[in-house]
Amino acid sequence: MSELSDLYQEMILDHHRSPKNYRVIEGGRQAKGHNPLCGDQVTVYVQLEGDVIKDVAFQGQGCAISRASASLMTAAVKGLTLGKADALFRKFQRSVTGEPDVEDGIELGKLEVLSGVSHFPVRVKCATLAWHTMRAAIDSQQGTVTTEDAK
Amino acid sequence: MTVAATAAQAQAPVDWGRVRADFPLIGKLIKGKQIVYLDSAATSQKPHVVIDTMKRYYEEYNANVHRGAYNIAAKATQEYEAAREKVRRFVNASSTKEIVFTKGTTEGLNLVAYAWGRKFVKPDDEVVISELEHHSNLVPWQVLCTATGAKLKYIPIREDGTLDMSRLDEIITRRTRIVSVTGQSNVLGTVTPIRDIARRAREVGALMVVDGAQSVPHQPVDVQAIGCDFLAFSGHKVCGPTASGVLFGRRERLEEMDPFLYGGEMIREVRYDGSTWNELPWKFEAGTPGIAQAIGLGVAIDYVSAIGMDRIREHEASLTRKALAMAAELKDLTLYGPRDVSVRGGVITFNFAEIHPHDLATILDEQDRVCVRAGHHCAMPLTQKLGVAATARASFYIYNTEEEVDLLFDALRRAKEFFYRGAR
């Protein structure tokens with residue numbers, strides 16, 4: 001498979017066209033994410049129950065990679081504890097940046113389809129914007145998180 | 001050169017194939033595919049002669065300027081100052097005292113905003129720019145206005161991306177201290193009626209600044225004919241090296257300003273209890289300047305001048321005319337900016353087939369090695385005004401060909417096939 005088809009796998013294009021959990025959650029936590037380089041914007045909504053992510057959703061505009069990544073993220077983290085979700089984010093980050101994986105007992109599952117991003121360094125921020133934004137929502141940071149300060 | 005020789009040269013057709021061959025990166029294979037470089041509005045490619053000249057400086061007479069008493073230092077100074085004279089002739093300034101080397105347009109505009117703006121702009125004054133501006137001709141004025149209490153006003157754009165000149169007289173008034181407008185939009189390609197704007201600025205006694213980043217590389221520019229006080233441009237967009245740039249400033253204006261940066265080179269005399277400043281233009285060139293950059297820029301200017309700025313403009317207009325016609329034919333393509341090439345430079349900005357520009361740029365590059373820019377092009381307010389988050393932009397220069405325009409549109413069709421494969 002070429003690097004390009006590896007980046008834009010069918011599953012990514014599907015999630016881009018019909019994203020999961022593309023909605024607003026009223027009364028939960030939320031944060032806005034912004035990639036100043038390309039103008040992509042995403043709002044992530046999180047509803048916690050104790051330290052479990054009971055519900056998570058997003059809305060916004062962006063490229064196929066950022067939209068598919070947000071959609072896949074919401075599907076992957078729903079029902080996880082905050083600790084597990086954070087560990088999954090770290091594993092996901094290693095996957096999209098091409099860093100060697102570490103054995104931590106966590107499975108990437110469907111998030112694996114985004115590993116093709118590692119061949120396109122300029123697109124890593126597209127893939128991680130929703131994750132940084134979710135973390136900001138959980139931390140209930142005020143204002144907007146950008147891909148520039150959420151390293 | 002004699003008048004007859006100039007006339008003969010003006011009529012001789014340009015061998016654009018030879019021009020193309022002068023650029024090492026043009027037509028080069030990158031990961032097995034021939035590059036189609038359509039991002040000259042971001043930076044131009046460099047001809048061999050510029051690269052070789054800079055290499056020669058470093059290998060044969062690398063020394064600091066204006067101080068060494070030895071041979072190679074004298075040679076470095078001579079070449080550096082010769083480059084200044086080339087720039088003077090290129091923009092038709094009346095003296096080399098009016099040519100300040102900078103590291104680019106951004107530095108030039110900031111220099112004016114600080115050194116002239118902070119000194120002369122008062123609360124309740126007005127600064128006028130346009131809705132087309134790149135961040136580098138917007139943010140320095142925004143900050144100046146915040147600091148001084150002046151008001152920032154915008155010349156609006158019309159639906160077609162041209163400036164609404166009918167409102168000029170009501171926007172530029174006796175309260176206006178500075179007018180700063182781009183010669184050509186980096187997003188829409190709009191060529192602005194800069195002389196008319198300068199005339200109005202003069203009428204009300206305002207300072208006229210031109211952001212020449214996108215106009216100087218692509219059309220003849222004459223600061224005296226424009227009647228501007230300042231014009232800033234970047235060397236790297238006109239076949240010169242990165243971090244080379246020029247601020248033209250009218251002598252009286254530069255004289256009335258204090259220095260922008262203080263240090264070596266810009267002083268006449270330093271005592272423990274005070275200092276005096278060097279004369280123009282060195283008063284504004286503190287520290288060791290980009291020597292290789294200035295010399296390289298001088299050669300780049302020789303290079304484009306030998307082709308002829310009029311003919312460069314014509315060449316780009318013919319590519320743009322073709323691209324606009326093809327864009328109008330292509331289903332699912334939304335084009336931004338003027339359709340009339342007499343007011344549009346070689347910049348085609350668009351959205352296509354509901355493919356996000358970032359995805360489009362990646363696919364165009366990976367499938368066909370077509371290099372376009374995606375995003376807001378450092379003009380976020382303008383992009384917002386267009387009602388989109390981002391656009392894709394293809395821009396042309398002297399080494400681009402009609403075949404490459406065809407390749408762009410073939411590549412767009414192939415991108416759409418790829419992106420919607422399997423989708424029905």
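**Ground rules**

I number residues from 1 along each chain as its sequence is written, and I letter chains from A and number ligands from 1 in the order in which they are written. Since I have a predicted model here, local features need pLDDT of at least 70, side-chain atom pairs count only at pLDDT 80 or more, and totals for chains, interfaces and linings use all residues.

**Where A meets B**

I started with the contact between the chains. I found 17 residues of chain A in contact with 15 residues of chain B (in contact: C-beta atoms, placed from the backbone, within 7 Å). I then looked up which elements of chain A give two or more residues to that side, and they are α1 (3-7), α2 (10-17) and β2 (40-49). My helices (H or I, at least four residues) and strands (E, at least two) are DSSP runs, numbered from the N terminus. The largest share, three residues, comes from α2(A). By class, I have eight nonpolar, four polar and five charged residues on the side of chain A that touches chain B. For the classes, Ala, Val, Leu, Ile, Met, Phe, Trp, Tyr, Cys and Pro count as nonpolar, Asp, Glu, Lys and Arg as charged, and the others, Gly among them, as polar.

**The strands around β2 of chain A**

A pair needs at least two bridges found by DSSP. On the β3 side, A:L48 has A:I53 of β3(A).

I checked both hairpins for positive phi. The β1(A)-β2(A) hairpin has four residues between the strands, and A:G39 there takes a positive phi near 85 degrees. The β2(A)-β3(A) hairpin has two residues between the strands, and A:G50 there has a positive phi near 65 degrees.

**Helix α5 of chain A**

I looked at α5 (residues 124-138) of chain A: its 15 residues reach 22 Å from first C-alpha to last, close to the 21 Å expected at 1.5 Å a residue (expected span: 1.5 Å times one less than the number of residues). I also found a bend of about 25 degrees at A:A130, the bend being the angle between axes fitted to the seven residues ending there and the seven starting there. In α5(A), 14 of the 15 residues are buried, so the helix is largely enclosed by the rest of the structure. Buried is 20 or more other C-beta atoms within 10 Å of a residue's own, exposed is 12 or fewer, and partly exposed is in between, with C-beta atoms placed from the backbone. Just after α5(A), A:S140 takes a positive phi of about 50 degrees.

A:N21 is not a glycine, yet I read a positive phi of about 55 degrees for it. A:N21 is in the loop between α2 and β1 of chain A, and is partly exposed, with 19 other C-beta atoms within 10 Å.

B:C239, not a glycine either, has a positive phi of about 75 degrees. I placed B:C239 in the loop between β9 (230-234) and β10 (245-249) of chain B, and it counts as buried, with 29 C-beta neighbours inside 10 Å.

I also noted a cis peptide bond joining B:L280 and B:P281, with omega about 0 degrees. B:P281 is in the loop between β12 (274-277) and α11 (291-307) of chain B.

**Strand β9 of chain B**

Which way do the side chains of β9(B) point? I see B:F230, B:A232 and B:S234 pointing one way and B:L231 and B:F233 the other, and all are buried. Five of the five residues are buried, so β9(B) is largely enclosed by the rest of the structure. β8 (residues 207-211) of chain B pairs with β9(B) in the parallel sense over three bridges, and B:D211 stands opposite B:A232. β10(B) runs antiparallel to β9(B), joined by five bridges, with B:L231 opposite B:F248.

Key
Two residues are in contact if their C-beta atoms, placed from the backbone, lie within 7 Å.
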